[in-house]
Every structure is written in structure tokens, then in C-alpha cells.
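The following note was prepared for a colleague who will read it beside the model. Please consult the sequence and the structure while going through the points.

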Amino acid sequence: MASTANGGGGSSVPKRKPVFVKVDHLKPGTNGHTLTVKVVSANAVSQQKKSRNNSQLLGKGGGVDLMKPGTTVILRNAKIDMFKGSMRLAVDKWGRVEVTEPEKFVVKEDNNLSLVEYELVSVVEE
């Protein structure tokens, strides 16, 4: 099978500019998030070896080594996984973790969305 000079298919599609979201706008069960975050605590960062859907908490280009307190990182294509009723921000194999220049923003440590518990409610339609 022959490939073209641009690496594969037909015409090249222009890339969209990423839309950065803020942490307080994250909701359970959503995905495709791009956000800039500052690492507050290394205790909160872990790496899952394998899970049901073969995702890792920190995807391509990243790992636990990048997540040192005070570091500013960009998370691309992040998703919200639910674990025991709490949200976890995960970057799977399709996402990316990039260390960036330190940003001038204040972390709202009182807005810890991991501490918010969600409950699955079944709605019976009549």
C-alpha cells in the first residue's frame, strides 16, 4: 500500500485550536478536555498500570516523573473517570501530558473536586 508524502491519507485537515477549560467546569463522565494545571501535591498523582479500558492516568509524553509539586502541565484530551463516587482526571493513550512554563494563577485548593461524592440515580420513566 502506497502512502503520500504527508504521512497517509488524502488531503490534510487543518487542526483546531484547543479550547482550554477550567477545573471547576469539569463534570462526571465527560472527555476531550484540555486544561492547564499546577501540581499541588505529588501524593494525589498516581499511575494505573492497567484498568478495564487499558488507560493510564498519565498518557503519552508524561508520567509520574513529570508531576512534581509546583510544576505547571498541560493535559490534552483528558477525561473524567468515576471511582467510588468521586471524579478522577485521567489522560489515556490518546491524550498527552506536557510540562509548560510556570503560569501566574492561584490554585483554589478549597475547590477539590475529588472530594465531591456523586451518586448514580436510576430514573424510572412511566
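The points below treat the fold, the core, the strand pairing and the salt bridges.

1. Basis of the note. This is a predicted model, in which local features need pLDDT of at least 70 and side-chain atom pairs count only at pLDDT 80 or more, while totals for chains, interfaces and linings use all residues. Residues are numbered from 1 along each chain as its sequence is written, and side-chain values use heavy atoms, with hydrogens and water left out.

2. Overall fold. The chain contains 0 helices and 3 strands, in the order β-β-β; helices (H or I, at least four residues) and strands (E, at least two) are DSSP runs, numbered from the N terminus. Of the 126 residues, 23% are buried, where buried means under 20% relative accessible area, exposed over 50%, and partly exposed in between (1.4 Å probe, protein chains only).

3. Nonpolar core. The largest nonpolar core has 13 residues, and Leu35, Val73 and Leu75 have the most contacts inside it. Such a core is a set of buried Ala, Val, Leu, Ile, Met, Phe, Trp, Tyr and Cys residues joined through side-chain atoms within 4.5 Å. Strands S1 (31–38), S2 (72–83) and S3 (86–99) each give two or more residues to this core, and S2 gives the most, with 4 residues. Beyond its neighbours within four places in sequence, Leu75 is in contact (heavy atoms within 4.5 Å) with residues including Leu35, Val37, Leu89, Val91 and Val97.

4. Strand pairing. Two strands pair if DSSP finds at least two bridges between them. S1 and S2 run antiparallel and are joined by 6 bridges, with Thr36 opposite Ile74 in S2. S2 and S3 also run antiparallel, joined by 10 bridges, and Lys79 stands opposite Ala90 in S3. The hairpin of S2 and S3 has 2 residues between the strands, and Lys84 takes a positive phi near 50° there.

5. Salt bridges. The whole structure holds 4 salt bridges, each a side-chain nitrogen of Lys or Arg within 4 Å of a carboxyl oxygen of Asp or Glu. Glu98 and Arg76 meet at 3.0 Å, N to O; this pair links strand S3 to strand S2 across 22 residues. Glu98 is partly exposed at 23% relative accessibility, and Arg76 is partly exposed at 24%.

6. Surroundings of Lys79. Lys79 is buried, with a relative accessible area of 13%. Its salt bridge with Asp81 has closest N and O atoms 3.9 Å apart, and Asp81 is partly exposed at 23%. Lys79 also forms a salt bridge with Asp92, again at 3.9 Å; Asp92 is buried, with a relative accessible area of 14%.
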